[in-house]
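Look at it first, then read on.

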There are 2 protein chains.
Amino acid sequence: MKGLARYFPILEWGREYNAATFADDMIAAVIVTIMLIPQSLAYALLAGMPPEAGLYASIAPLIVYAIFGASRALAVGPVAVISLMTATAIGRLAEPGSIDYLTAAFTLAVLSGIFLFILGLFRLGSLANLLSHPVVTGFVAASGVLIAASQVRHILGIGGGGENFVAIVVSIAEHINEINIRTTIIGVGTIIFLFWARKGLKPLLLKAGMKEGAAGMAAKTAPVIAVILSTLAAAYFHLPDKGVAIVGDIPRGLPPFTPPSLDPELWSRLAGSAALISIIGFVSTISVAQALAAKRRQRVDPNQELIGLGASNIAAGLSGGFPITGGFARSVVNFDAGARTPAAGAFTAVGILLAALFLTPLLYNLPKATLAATIIVAVISIIEAGALLRTWRFSKSDGGAMAATIVGTLAFGVEMGLVAGVVLSLGLHIKRTSAPHCAIVGQVPGTEHFRNVDRHAVVTNPKIMTLRVDESLYFANSRFLEDKVYALVAAHPEVKDFILMCAAVNDIDSSGLESLEAINQRLKDSGVTFHLSEVKGPVMDRLKRSSFLDHLSGRVFLTQFGAVSLLDPETARATLAAAPDLQFQVERGSPMAAK
Amino acid sequence: MKGLARYFPILEWGREYNAATFADDMIAAVIVTIMLIPQSLAYALLAGMPPEAGLYASIAPLIVYAIFGASRALAVGPVAVISLMTATAIGRLAEPGSIDYLTAAFTLAVLSGIFLFILGLFRLGSLANLLSHPVVTGFVAASGVLIAASQVRHILGIGGGGENFVAIVVSIAEHINEINIRTTIIGVGTIIFLFWARKGLKPLLLKAGMKEGAAGMAAKTAPVIAVILSTLAAAYFHLPDKGVAIVGDIPRGLPPFTPPSLDPELWSRLAGSAALISIIGFVSTISVAQALAAKRRQRVDPNQELIGLGASNIAAGLSGGFPITGGFARSVVNFDAGARTPAAGAFTAVGILLAALFLTPLLYNLPKATLAATIIVAVISIIEAGALLRTWRFSKSDGGAMAATIVGTLAFGVEMGLVAGVVLSLGLHIKRTSAPHCAIVGQVPGTEHFRNVDRHAVVTNPKIMTLRVDESLYFANSRFLEDKVYALVAAHPEVKDFILMCAAVNDIDSSGLESLEAINQRLKDSGVTFHLSEVKGPVMDRLKRSSFLDHLSGRVFLTQFGAVSLLDPETARATLAAAPDLQFQVERGSPMAAK
C-alpha cells in the first residue's frame, strides 16, 4: 500500500475522504469552474487553438491530476505562458486552424507529458533548479509583455501576428488601418473594467453587505461578468455583422479522443519545445504547489508532481487539448475557497464538462476582444516590477542573467529567451567561481578565530602566511589559485610557512589536486613549507585517495588556531590571551550591531 | 617602452641579447631543426596535406612566435593532435589533395589565429580553464589512440580512412587484402627501432663514450636515423616500383604566399573547428610553456601567449601551412638543449628553410610508412595510463568526464569527444554543488572550534541546532537547502534556535537569498529563531544590499563560538574549559597523525 500510494497519492487522501471534505471541495470546484471557463477559452485563443480545445484541456487533465498529482490545492489547466509557448512551437510547423496545427498541439502535449513523466520516474525533479530565480522572474515578466502585446490585435480587431516583440509591434503598425472601433470599445472597456474590478469590486460588494470572504471570491468572477455583459451586448447590437470577431460556434459534446501523430520527423521537431514547456510548466507548478502546501504544513514531492503533471499532459493531448500546467491565480482561488483534496479538481472537471455539453451555444456571441482583455489583465498583473528591481540591486550578475532573459524573450521569442537565461546564469556562475575571493587571514585578539587582515584588526606573523580561499578547488579556478599563491610568495620572500586555510573549500577535483601538487612542489623548491588547515571531512577523505598527502612538505591541521599554535606558539597564545578587540566583540555579541 | 614590450616580448629579451645567449640558442636550434624535419613531414601527412606544407608550417610561424611569443623555450610547429583535428575539420568540406582542401587548411589556420589573437587581446586566457584536467588527459589519450589507428593504413600500405575509431578499424579490415609486405616491413621495423631507441639508444651511445647530455640529445634523433636509413633502403631496393608509397617530389623553394579564402560560407563552416583547435592548441601550449618557465623561475603571461600563438597561426595560414601550436617533445628538447630566448625558434626556422630549399630532393624516396611509424611512436608515448588511473581512483565524477571524453573521441571523433567532455564536466560540477554536503556541528571540547557531530566527539545543546552548509547558496542548490532545513526542524521539535553556519558559503545569489528569506519566514512561523554565523565579508556586503537582515528573526554572529556563547553561555564556557579531547588534539598537533 505504502509503495503504491507513493505513485497514487489518491490512495492516501482518498481513505480520509468524508462529507466535510466533500462539501469543501465542492464549493471550491464551483468557484474555480466559473473562473476557468473564460480562462480556458482565452488561453485556447492565445495558443491558436479553437475555443473548445481550451475546455477539453480543462476536463481530462484535471481528473488525471486528481489521481496522480502531489499537491492538494493545485488547479491545473491551460495557462498563459504555456499557451504562448505552444503557439510559438507549433506556429513554426503549421498554419493556425489547420488540421496539422491541431495534431501538432495534441502531439506536443503528449510529448511534454512523456518528458515530465520520465523526469518524475527517474526522480530528476532537481533539474528544475537550473532555472534560477532571476531567470524565472525575468521570463515571466517578458513573456507577460509578449503575451499582452500579442493580444493587442484582438483588442483592435486587426490581423497580423509575430513571434517576438518587435515583429508584433511592426505587425500592429502595418494593420492599424483595419482597426474596428466597436471591437476596440469592447476590448478597452473590458480592460478598464477588469483593472477596476481588481481594486474596486470587492469594497463595493462589502458595502453591499457581502461578507469578507465571499466578496473576495465574487470579485474574482469579474472576467465572467465581462464575458456575460459583452456577449449580451454583441447579440443585442448585432456586433458580429459590424466586424466584431466573436467566438462563434463551439461544438457541443464530450472531449474527443485525439491520437497524437507518430511521425518521428514531427516528434524530433517538437522535442526541444516540449522540453522547454515541460520545465517551465513544472517550475511554475512546483513553486505554487509548495507555497500552498507550506501554508497547511504539508509537503509536495517534486518527483510525484512531475508524474502527476506528465500524466495530465498526456491526457490533455489524447482528449483534444494542448499543453497545460498548474495555474497560479486559479490555484490560489481553489485554496482560498477551501479545497481540501485533489477531488476539487475532479469536480471542476465535471463543471467544465457540463459547460462543454450545455453552455457553449450561449457563448456564440462572445467577442474575442473580451477574451483578449482578460488575458492582458491576467498577464500584466503577474509582472513583478519590484522583484525585478530587487534582483538588479542585489547582484549585477543575477541582474544580467535576468536582463538577458528579458531581452532574449522580447527580441527572439520565449524559447530563445529562456535558453539564453539558463546558459548565461550557468556561465556567470562558472565565471564567478573561476576567480574566487581569497583573503590573507590573521588571528582575532582574544579568540581562536581567524579573519581577513583587510577587514579586521588581526595579528599575523610575517614568516607565516595564511591564505583562505573561498571556493571549492575545481578545474575552472585551479590555475587561478596557483597564480595567486606564486604571486604572494614571490612578493613576500620572508615567508617560511604557507598555510592554505580550507574552511570554505567544499570539494577538490582532479584539476584542483593537480594544482595543489604543483603548489607544494613549487613552494618546496623555494624553501617554503606548504600546510593545509581546516580541511573538511569529505575533502580529506578524497585527498587520502591520492598520493598528495605523502608528498606534502608541511602538515594538515584540523584547525587554523592549531596550525599557528604549533608553528608559532608564542604569538598564538599571546594573541588568545590578549584583551579582545572591542569592535569585534560588539559585532559578535550585540543584538543590534551585526543586524 | 614598457607598454610596447607587453605586446612584443622581443623588446624585452632582445635588449639583453649577447654572444653567449646566441651560442646557446644556435645549438638548440640545430638540434630542434633535425628533430623537426621528419615531424613536419609526418604531421603534414596526418593533416592530409602535401609534405612541403609541414615544412612551410615550421618556418614563418616560428619567426612570428619569436617576436610575439611569451615563452622563452617553447618550440611551435605542426603537432599530432592539431593535425588530426585539421584533417577532421577540412576532410568534411573537401577531398584531400584538392585545391579546396589546401585553401580550407590555410583558412582554418588564419581563422584559428584570429580567434586566439582576439582571446588574447580581450585577455580571455582563463577560458582555457574550462578544459578540466581529466578532459585534457582523456582527450590526449583518446586522440593518441585515434591518431595511431589512422596511421596503421600507411604502415600496411593500404587505402581507406575514417574519422572515428570504429570507422578506421572497419576501413582497415575492408582494405586488408591490399596489404603491401615491403611497406609493412619498413613500417613495423621503424616502429620497433623507434621504441627500442627510446630506451636502448642512449645507454649504447654512453657506452660508446658519448657524454650524458649529448647522448640524451642524440637518442632523440632516432627518427632522423630511421628517415635516412629507410630512404636509402627504398632507393637501393627500388621499393617505389614495388608499391611502397613514398613522399615523392617536394617542390623546392621559399614558402608561398597563400591568401585564405574570404568565402563567408567557408568561414562559418570552419568557425567551430577553429575554436576547438585554438583552445586545445592553447591549453597544450600554455601548460608546456608554464612548466618550462617555472624551471627557470620565469612566468608566462597566458594572454600574451594567446597573441603569440594567434599571430603564428595567421602566419602559418598565409605561408602555405596549416594550424600549429607548441609541441611538448620539441619544446622540452629545445629547453634541454639550452635555448635561452625565442631567437632559438627563429634560428630553427632558418634551418627548416634551408631544408626546404636544398634538402627536399634527398627526401624523394622517403617511405610514408616511416613517417607513419614516427607518428605512432610519438602519440603512443604521450598517453599517460597512470594519470588516467589516478584520476579514476581519485574521483568517480572526474573519471566519468574523462571516460566520456575518451569514448566520445573514439566513437565520434575529436571534436565531439572534446565537446562531450567539457559539457559533462560542467554538468557534473553543477550537479555536485546542487546537493551540497551539510553537517550538524558541535563544539570541540577545549576549543572554540565547531565540527561535524558525526565525525568528532563534540558538545551540542539540543535546543540549539547548527547546520554548516558546505557550498555557496545559488540557484542550483537553494531549494535543496530549504528542504534540508525544514526536514531537520520537523524532526527536532525541541529546537528553539537554528544557526546556519556560513563559513563555507562563498556567495549568495538571488535564488539563495529567496531561500534564506523563505527559511526565515517558515522557522519564524514554527517558533524557531533563525541565526547566521561566520558570514564572510563579501557575502555580508551582499546581504546588506537586500532587506533580508531587516526581517531576520535572529542575529548574524561573526563567529560560531560567539553565537553559542550568547545563546547558551554556560555550555559554551564549560566546553571551552573542558579537558580537550585527546584524539582531536593529537590529530591537530602531531606531525604524523593528520598526514
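**Terms put to work**

Q: What makes a residue of chain A count as buried, and what share of the 595 residues is buried?
A: A residue is buried if 20 or more other C-beta atoms lie within 10 Å of its own, exposed if 12 or fewer, and partly exposed in between, with C-beta atoms placed from the backbone. Buried residues make up 57% of the 595 residues in chain A.

Q: What kind of model is this, and how are its parts numbered?
A: This is a predicted model: local features need pLDDT of at least 70, side-chain atom pairs count only at pLDDT 80 or more, and totals for chains, interfaces and linings use all residues. Residues are numbered from 1 along each chain as its sequence is written, while chains are lettered from A and ligands numbered from 1 in the order in which they are written.

Q: What counts as a helix or a strand, and how many does chain A have?
A: Both are DSSP runs, numbered from the N terminus: helices are H or I with at least four residues, strands are E with at least two. By that rule chain A has 27 helices and eight strands.

Q: Why are E4 and E8 of chain B called edge strands?
A: Two strands pair if DSSP finds at least two bridges between them. Six strands of chain B form an open sheet, in the order E4-E3-E5-E6-E7-E8, with mixed pairing. Strand E4 (450-452) and strand E8 (556-557) of chain B each have a single partner strand, so one side of each is left without a neighbour in the sheet.

Q: How do you know that E6 and E7 of chain B pair?
A: Five bridges join E6 (residues 497-501) to E7 (residues 529-533) in chain B, and the rule asks for at least two. They pair, and they run parallel. Asp497(B) stands opposite Thr529(B) in E7(B).

Q: What makes two residues a contact, and how many residues does each chain give?
A: Their C-beta atoms, placed from the backbone, must lie within 7 Å. Chain A gives 64 residues and chain B gives 64. On the side of chain A that touches chain B, H20(A) gives the most, with six residues.
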